[in-house]
Each structure stands twice: as structure tokens, then as C-alpha cells.
Amino acid sequence: MNCHHTFSILLILGIFCSGTILLGQNTIVHGLVLDENDEPMAFVNIAFKHSTVGTITDFDGNYYIETRQPTDSLIASSLGHRRGVFPVRKNQEQKIDFRMETISIDIEEVTVRPGENPAFSILRNIYERKKFNNPDRFDSYQCRSYNKLRLDLNNIEEEFKQRMLIRQFNFVFEHIDSSEMFGKNYLPILMVESVTRYYFQKSPGVDKEVIEAFKMSGDINNTISQFSGKMYQRLNVYDNFMQLFEPGFVSPIADFGKFYYNYHLEDSASIDGSWCYQVAFQPKRKMERTFYGFFWVADTSWAIKKVQLRVSSDVNINFMNDMVVINEYERINDSTWFLKSEEMLIDFNLTDKSYGFFGRKFSSYDDIKLNVPVPVHIQKELTNTIILEDSLDRDETYWEANRSSGLSKEEENVYQMVDSVKKVPVFNTVYGIGELLLDYYYVIGPVELGPYYTFYSHNPIEGHRFRLGGRTSPNFSTKLRLGGHVAWGSKDKNWKYGVLGEYYFDKHPRISVGGSYYHDMRQLGKSDNAFLDDNIIATILRRRPNYKLTMVNQYNLYYEREWLQGFSNTLHFSHQVIYPTQYVPFELYDGTGTTSLESLISSEFTLNFHFAYHEKYLIGKFERQSLGSIYPMLDVDLTWGPKGLLESQYEYYKIKTRIYDKVETDPAGYLKYWVTAGKIFGELPYPLLELHEGNETYAHDVFAFNMMNYYEFVSDEYLSITAEQHFQGFFLNRIPGLRWFELREVVSGKLLLGRLSDANKNVMEFPPGLTYLREPYFEGSIGIENILKLIRVDATWRFSYLDHPDIQQFGVRAGLWIQF
């Protein structure tokens with residue numbers, strides 16, 4: 001089962017679903033906590049007696065707590081107040097209010113300055129001991145972990161269950177329950193368990209995970225297992241900014257935490273042999289990326305014993321209604337504390353009343369070894385995630401022995417339930433629709449038809465263009481993929497077509513070969529990120545007729561070899577024949593005038609070097625999407641074009657280098673930048689030189705110059721720099737009246753430097769509008785993103801070459817960006 005399976009199940013069970021209904025026999029208690037002056041009390045601990053189920057009051061003194069396994073009493077406790085105890089009626093909803101009585105207490109071993117908040121002295125001690133308690137201080141460590149990941153569909157209403165399409169799935173709703181934390185009903189739909197061994201070392205750098213056992217509800221494949229475990233979610237409370245979503249959240253023990261939080265000393269107690277203090281915290285301002293919650297800190301060592309974090313309700317994050325993180329630490333020797341367990345519960349919803357899902361993660365850690373060298377055979381592994389061959393074959397005896405916490409009854413039922421859902425006949429139909437929406441292809445057994453957005457498009461050369469494409473699906477093979485397309489234009493009356501094939505010898509690390517042939521219309525000088533030429537959206541958003549398409553016959557071959565995760569080489573061979581049009585003629589200078597060229601033929605070899613230290617991926621059956629790296633990413637292309645090979649008309653050499661990086665600028669969002677530089681050696685016509693990436697649509701393209709036309713600038717030596725600062729609402733969140741729209745600011749600039757040698761100016765006559773750079777080209781934009789959680793709109797200005805014909809000095813560009 002892969003990611004698309006999960007989302008398709010969500011679609012099946014969640015079509016048109018909205019509203020909330022609580023089901024099941026739960027004990028629900030809510031109420032208000034007041035002091036002796038009838039003032040609301042924040043951060044009062046509320047818990048069932050002799051139970052781990054608990055919560056704290058909000059800023060207004062309100063609380064809500066729910067469980068299926070209540071005890072007979074509910075306790076309210078707060079430092080400096082007498083503990084309140086009330087009896088509870090099991091399996092009922094009830095309201096219990098507490099009035100807390102003030103008492104005097106003694107606090108040992110904390111020096112409080114006159115007039116100072118007593119929590120501040122504790123914070124000073126935490127700051128002083130941070131570098132000794134931060135687990136990142138170790139040169140190396142190893143640990144074993146048990147991980148449990150679960151997805152639950154939530155907000156399922158009774159009306160939804162009675163719809164005709166859903167009635168075939170009624171057996172599923174026997175497993176419905178209600179959230180103890182968020183007060184929503186939910187249905188478990190996916191369960192993943194893994195046992196892993198994690199290795200970390202600073203020098204030489206090692207960050208690897210060995211998956212020793214893996215189990216998942218439904219079909220199992222190796223790639224989905226890489227979503228489990230520690231490596232893809234590492235929250236360290238000792239970091240000033242906790243990188244959960246972009247930008248990071250301010251840690252409650254950040255060095256500058258007092259600027260963001262109010263602190264209250266709430267309680268003290270002996271926990272596991274250490275005297276600890278409980279400090280509650282709450283944000284000082286609205287809509288900042290902060291938490292509210294509490295932590296327990298051990299005296300003497302001043303190490304965090306336990307921390308509970310809950311995201312502020314008004315924080316500017318998309319699709320996430322709520323999130324709770326609970327981390328517990330334990331002392332493993334006289335002076336060292338290490339993470340014992342971490343729990344995370346996230347409530348994802350498009351809106352408060354629409355269906356969504358809970359994401360739950362639990363991890364526990366044991367067999368911890370500090371400053372022990374990583375085994376040589378682990379260091380030599382080529383990928384960061386190693387899956388043992390027998391990891392999918394563990395029997396139930398193994399799982400019972402290796403689970404640090406047992407499965408609940410509902411978790412045990414998930415494995416059986418998902419298999420039962422797939423046997424319902426209507427599942428395959430709805431599942432296919434879900435795959436079509438998510439992957440742009442419709443799966444029919446061993447074949448996938450699509451992408452659907454290329455079926456129809458329009459341009460001035462072909463007229464109405466109709467295209468039918470497809471490829472083989474993983475049902476045909478998980479190593480070999482074949483594909484192709486045919487297209488026809490109503491104006492030129494010509495057929496176009498293409499075929500492709502690729503074979504994967506291995507995927508971890510990746511070793512593959514492939515080839516393709518295309519006889520089709522292409523737009524030269526277009527960025528890799530731009531819409532396909534025959535994309536219906538490009539037709540709709542085009543700001544000027546596209547007369548610059550050219551017919552291209554192209555053969556491509558490649559061999560890709562990934563040596564280490566994040567380091568690979570790819571060898572390309574390309575042979576192309578480019579044909580002129582009446583709008584893009586090929587007129588060669590011959591000393592006395594020009595001569596028309598019927599076609600332009602070239603052959604070239606390109607060796608690509610890709611390096612991204614500790615790069616991570618989302619991996620599918622064939623494609624994989626880079627999640628980037630915390631380090632800069634580098635690509636280098638070395639190209640040789642031999643004259644005479646397959647009638648190639650020119651000999652040339654090219655070198656091109658690209659650097660990309662993302663820099664966290666907490667709390668003011670993050671900066672992205674791209675630097676590209678290149679040089680071409682040889683006398684070449686302009687189609688084989690660097691035609692700089694323009695954009696003639698209203699869609700914003702981060703890799704193109706959005707105010708530049710196609711065929712406007714050409715170079716044989718160039719440098720381009722693009723920078724984008726995403727402020728993530730840093731300013732707009734502070735403006736009353738605007739903050740509730742959760743808008744985010746973005747500012748960008750694009751600079752291009754280039755030159756063209758005299759020799760290359762005199763090879764082929766330039767078509768109208770094409771020239772070379774005499775001075776820098778620059779454009780910039782100010783934009784708003786996260787409009788309706790999906791849309792980005794940029795006001796874009798062009799600051800140079802304003803005398804060029806048919807250009808825009810100012811324009812509005814828009815795009816769809818799905819982000820948290």
C-alpha cells in the first residue's frame with residue numbers, strides 16, 4: 001500500500017462528509033476552574049485519578065477531558081493551591097467546576113530575586129545547562145526504537161454513513177470512536193509499525209536507520225516504510241526553533257523564550273527519583289508560531305523530564321486544526337538524559353466542520369549507546385534507510401516481544417478492516433477516481449491513461465490540438481515502464497507522437513536506464529518548471545499567442561547511477577533535428593547574405609553530477625520527489641557535442657552549474673535562492689545556445705523570468721540569481737483585521753547577467769525580438785501567498801530593457817501552492 005492508497009481510502013470514506021457527531025460510550029467531563037476571587041485559572045492540571053489521561057485549562061479556565069477508561073475521580077491541581085477532587089459518573093457527559101483554595105508551600109533549591117517571576121530562575125538554570133543536556137552534543141549515539149504511526153478519518157456524521165454509496169462500507173463504522181483530546185469522532189484506517197535501529201555520528205557524518213521489522217495494514221511494500229521511524233520527524237526542545245513546519249516554532253526553553261512566552265511555576269514533585277518543577281507557558285501574542293503547555297524539569301541537572309506542547313489555536317498553519325506533542329526523557333547515567341518516548345497527535349482538516357484525519361505517532365527508545373563508533377558496514381551502506389530482507393516477515397510473537405506498548409483493541413482491528421474494505425466492489429471504482437485526481441492518470445489494469453490535462457489544448461500553429469497518452473502501470477511491472485502518446489492538430493493536419501521506456505535495475509540506490517523518441521512541437525527557451533506545451537491550463541493562462549513553437553525530432557538515452565543517497569551521476573545522449581517555421585526561420589549568414597537552413601541537427605553527450613548531502617526523498621514505484629537537504633544542493637552538467645555524429649552539424653562544449661539552498665530565517669520565515677552559471681564553447685546558431693527562460697503565461701514560474709518573453713535573450717556565457725524570502729505572515733499576522741485571513745508575504749528578485757561572443761552573433765540571423773544582454777536584466781515582485789490556503793499572487797515589475805517591443809513593465813502572476 002502506498003501513499004495514494006491511503007488518500008484514496010480517505011476519499012472513499014470522506015466524500016461530501018462534514019459536521020461532527022460523538023459516538024460510543026465515553027466519559028466526558030468539562031467545566032471551569034476559578035480561584036477564591038472567582039477569577040479563571042489557566043494551566044491548572046486536570047486528570048483522572050490513578051490514570052495517565054489528563055489535560056490543562058486554557059487561558060479562560062476552561063477544560064475538556066474525555067476517555068473510554070475513566071476512574072472514579074477527577075483531580076485538579078496547581079502549585080500554591082489545595083488539590084481538588086470530584087467524583088465522576090462513568091460513561092456519561094457531565095460538567096464539573098472547581099474552585100481552588102490557596103495554600104502556602106515551600107520551594108527548595110530555587111533562588112528567586114526580589115520581585116521576579118519564580119519561573120525565571122528555573123529558566124536561567126536551564127539555559128546554563130543547555131549544552132550539557134542537549135542530545136545533539138554527543139559525537140555519536142545509537143538507539144533502538146519502536147514506532148507506531150496511525151491515520152484516522154474524523155468528523156464522520158450519521159447522515160454520511162447512510163448514503164447509498166457508503167452503505168456497502170457500513171461494517172467499517174463498527175470501529176468508530178471519539179478523540180480524548182479533540183472531541184471528534186474518528187475511524188482508524190491505517191496502521192504502521194516498525195522496529196528500527198538508528199545511528200548518528202558527527203564525523204564522519206552518519207545519519208542512518210536500519211528497519212528491522214515493518215508491518216502495515218493492507219498491502220505492504222518497502223518504499224512506504226521509509227515514512228516511519230525517527231528520521232523524518234525530529235523535534236528537539238533544546239533547539240531555539242523546533243523545525244516542525246516552516247518556519248520553525250519557538251521552543252519554550254529558547255534562549256529568548258521570555259520575549260515570546262509568559263511562564264508560571266505550577267507544581268513540584270519527585271518523579272522517578274528526581275525532584276522536578278512544573279512550569280506552564282503560554283504565548284504573549286496571537287498568531288505567532290508558539291505553543292502553550294508545560295514542562296517538568298529536574299533540579300540539579302536542570303534537564304527536561306517531560307514536555308507537553310500544544311499549538312496555539314490561532315497560529316497561521318494550513319490544514320492543521322490542532323497538534324499535541326509529548327516528549328519524555330530519562331536519565332541513563334549520573335549526568336546524561338536521553339529521549340525515552342515521543343507522542344504526536346495532529347488534527348488535519350480543510351475546515352473545522354469538514355472531514356479530515358488524525359495523524360498519530362508514537363516512538364519509544366531503548367538500548368541507547370553514547371559515543372560509540374558506528375559499525376563500518378553501516379557507514380558503507382549507500383542509502384540512509386536500510387530495510388532488512390526479513391523485515392516484512394516478522395510473526396506476531398516477534399511483535400509482542402518488541403512492542404514497547406501494546407496495541408489497543410481498535411488498533412488490532414485496523415489490520416483486518418482495511419483488507420475488508422478492499423474487497424467491496426465499489427472500492428475499485430472510487431479508488432480509480434482517487435488515483436486519477438492525485439496522479440493525473442486513470443489506471444486500467446496494466447495501463448495508465450493520461451495525463452488528463454493534455455487531452456486538449458490550442459496554439460496558433462496546430463490550432464485545436466488533441467492528444468492521447470498513456471504508460472504502463474506498476475501492475476504491469478515495477479521495474480519496467482513503457483509509454484507514449486499521439487497528437488493531431490486541426491490547423492496543420494499533422495500527426496505527432498512519442499514513445500518512451502525506462503528500466504530500474506535497483507531503486508535503493510537508484511540504477512536505471514531509459515530512452516525516448518519524440519516527433520512533436522516544442523517550445524525552446526522554456527523552464528523545466530513551466531506547464532507542458534499542450535497543457536490546457538497553459539492555453540487558458542497564456543498572455544500572448546504562442547507562435548514560437550518548433551517541430552523537433554529527438555532521440556534521448558540515459559543511464560543513471562546513484563552512488564550514495566544524495567550523490568549520483570547521469571549520462572545523457574541526445575540527438576535532435578529542429579525544423580524552422582515561418583515565425584522562427586533559420587537563416588545562416590554566408591558572408592554575402594543569408595541562406596535558409598531546412599533543419600538544424602545536433603548530437604550531444606551530457607554527464608550530470610548531482611550532490612545533496614543528506615538529501616531525503618518521497619519514493620514511489622517509479623518517481624521520487626526530493627524533500628531537499630539542510631545543506632546546499634549542487635548540480636553540474638558537462639556537455640560535448642561531436643560534429644559529424646549522426647550528421648550533427650556543429651562541435652561544441654558546455655558547462656552548467658546550479659546551486660540551490662533554503663535558509664531558515666526564523667522567526668521571519670525562510671529564504672530560498674538559486675544560482676545558475678554556464679559557458680558554451682564553440683560557434684553555434686542561437687537554438688543551440690542558452691535561450692534564457694521566459695514566461696508568456698499569467699502563471700508564476702519560480703524558475704523562469706516571469707516578465708521576459710520567449711526568444712528575447714540569448715547568451716553563451718551567463719549567470720542568473722533568484723532569491724525568494726517567504727515571511728510566512730511575519731508582518732500580516734500583526735495587523736488587526738488581516739490576521740484572520742492567514743495571509744503570508746513573499747518578496748523575490750531575479751537577476752541575469754550574460755554575454756554573447758562576436759562569433760556567435762554572426763552564425764545565424766536572429767528572429768524578431770531576440771537579442772543579447774548588454775547590461776543586467778532584473779525583475780522583482782511582491783506577493784501574497786496562502787490566499788484561501790492555495791493561491792499565490794505576485795505583483796511583478798520589470799526594471800530593465802523597457803524599450804523592448806511587446807513587453808510588459810508590470811504584470812500580475814498567480815499560481816497554486818499547497819503548503820502548511
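Okay, so first thing: what we're looking at is a predicted model. The protein has 820 residues, and 55% of them count as buried. On secondary structure, we get 10 helices and 46 strands. And if you take contacts between residues at least 6 apart in sequence, 64% of those join residues at least 24 apart.

Let's go inside. In soluble globular proteins, nonpolar side chains tend to be buried together. Here, the largest nonpolar core has 67 residues. Which residues have the most contacts inside it? That would be Phe-291, Phe-295 and Ile-304. Strand E17, residues 291–298, gives this core its largest share, seven residues.

Have a look at Ile-304 on the screen. Leaving out residues up to four places away in sequence, Ile-304 touches Phe-295, Trp-296 and Val-297, and also Ile-126, Val-237, Tyr-238, Ile-253, Tyr-329 and Trp-337. Apart from that core there's another one, with 23 residues, including Tyr-652, Tyr-686, Leu-691 and Val-714.

What about cysteines? A search of the whole structure turns up zero disulfides.

The protein exposes about 36,800 Å², and carbon and sulfur atoms supply 56% of that. There's a nonpolar surface patch of about 890 Å², and its residues include Tyr-503, Phe-505, Tyr-559, Trp-640, Tyr-653 and Phe-681. Which strands each supply at least two residues of the patch? Those are E28 (495–507), E37 (633–641) and E38 (652–664). Tyr-559, another member of the patch, sits in strand E30, residues 550–564. With a relative accessible area of 36%, Tyr-559 counts as partly exposed.

On to charges. Side chains of opposite charge can pair when their charged atoms come close.

Number one is Arg-471 with Glu-623, at 3.4 Å, N to O. These two link distant parts of the chain, 152 residues apart: Arg-471 is in strand E26 (residues 463–472), while Glu-623 is in the loop between strand E35 (616–619) and strand E36 (624–628). Arg-471 is buried, at 12% relative accessibility, whereas Glu-623 is partly exposed, at 41%. Both also belong to a network of salt bridges that links them with Glu-448, Arg-481 and Glu-502.

Number two: Glu-690 and Lys-656, where the closest N and O atoms are 3.8 Å apart. Glu-690 is in strand E40 (residues 690–691) and Lys-656 is in strand E38, so this pair ties together parts 34 residues apart in sequence. Is Glu-690 buried or exposed? Buried, with a relative accessible area of 14%. Lys-656 comes out partly exposed, at 21%.

Last one: Lys-789 and Glu-742, meeting at 3.2 Å, N to O. This is a loop-to-loop pair, 47 residues apart: Lys-789 lies between strand E44 (777–787) and strand E45 (791–798), and Glu-742 lies between strand E42 (717–726) and strand E43 (744–755). Here Lys-789 is partly exposed, with a relative accessible area of 22%, and Glu-742 is buried, at 17%.

That's it from me, thanks.

Definitions and conventions:
Residues numbered from 1 in each chain as written. Predicted model: local features only at pLDDT ≥ 70, side-chain atom pairs only at ≥ 80, totals over all residues. Heavy atoms only, no water. Core = buried A, V, L, I, M, F, W, Y, C linked by side-chain atoms within 4.5 Å. Buried < 20%, exposed > 50% of the residue type's maximum accessible area, 1.4 Å probe, protein only. Helix = DSSP H or I, 4+ residues; strand = E, 2+ residues; numbered from the N terminus. Contact = heavy atoms within 4.5 Å. Areas by Shrake-Rupley, 256 points an atom, 1.4 Å probe, with all protein chains shown as cover. Patch = residues over 30% accessible without salt bridge, like charges linked within 9 Å, V, L, I, M, F, W, Y side chains within 5 Å. Salt bridge = Lys/Arg side-chain N within 4 Å of Asp/Glu carboxyl O. Disulfide = S-S within 2.5 Å.
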